[in-house]
Amino acid sequence: MKNGFFLKPDKLNQGYVVSAAGFVVYLAACALLGQAKAGIVAVIFAVISVYVFLSVAAARKEDKETVGYNLLWGSGALAIMMCAFMAASIKLWLGL
């Protein structure tokens, strides 16, 4: 990839694993700490998940052979889910 901001294609799977681990950490934090404190985890991993999704989309645009649809759709679904958790946490913090 030309742009140095996104993950390289050989690191995309590792980024996806970190995003998925963030989901598990968020669930554990909700169970142990409560929703309000687990929101911090949701915010951090939502940003990471969106970054991984944008990296996968950019890599898929350049080389469709090395980056499959399963990684693109999976990282997109994970990013949407983590952003929904982040939005719910922010609403809880603001009392909405």
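Axes here are lines fitted to C-alpha atoms, for helices over the stretch in contact, and angles run from 0 to 180 degrees between N-to-C directions. Keep that in mind while looking at this predicted model, where local features need pLDDT of at least 70, side-chain atom pairs count only at pLDDT 80 or more, and totals for chains, interfaces and linings use all residues. Residues are numbered from 1 along each chain as its sequence is written, and side-chain values use heavy atoms, with hydrogens and water left out.

Let's start with helix H3, residues 69-94. (Helices are DSSP runs of H or I with at least four residues, numbered from the N terminus.) At 1.5 Å a residue, its 26 residues should span 38 Å, and the end C-alpha atoms are 37 Å apart, which agrees; the expected span is 1.5 Å times one less than the number of residues.

Which residues of H3 are buried? They are Leu71, Leu72, Gly74, Ser75, Gly76, Leu78, Ala79, Met82 and Ser89, where buried means under 20% relative accessible area, exposed over 50%, and partly exposed in between (1.4 Å probe, protein chains only). These residues pack against helix H1 (12-33) and helix H2 (35-62).

Take H2 and H3 as a pair. Their axes come within 7 Å and cross at roughly 150 degrees. The two helices are therefore roughly antiparallel, a label for angles over 145 degrees, with under 35 being roughly parallel, 65 to 115 roughly perpendicular and the rest oblique. By class, their contact has 22 nonpolar, six polar and one charged residues. Nonpolar covers Ala, Val, Leu, Ile, Met, Phe, Trp, Tyr, Cys and Pro; charged covers Asp, Glu, Lys and Arg; the others, Gly among them, are polar.

Now zoom in on Tyr51, which sits in H2. Tyr51 is partly exposed, with a relative accessible area of 26%. Its C-alpha atom is separated by 8.6 Å from that of Ala79, 28 residues apart along the chain. Leaving aside neighbours within four places in sequence, Tyr51 is in contact (heavy atoms within 4.5 Å) with Phe5, Phe6 and Leu7.

What about H1 and H3? They pack at an angle of about 35 degrees, with axes 11 Å apart. Among the H1 residues that meet H3 are Tyr16, Phe23 and Tyr26, while the H3 side includes Leu78, Met82 and Phe85. By class, this contact has ten nonpolar, six polar and no charged residues.
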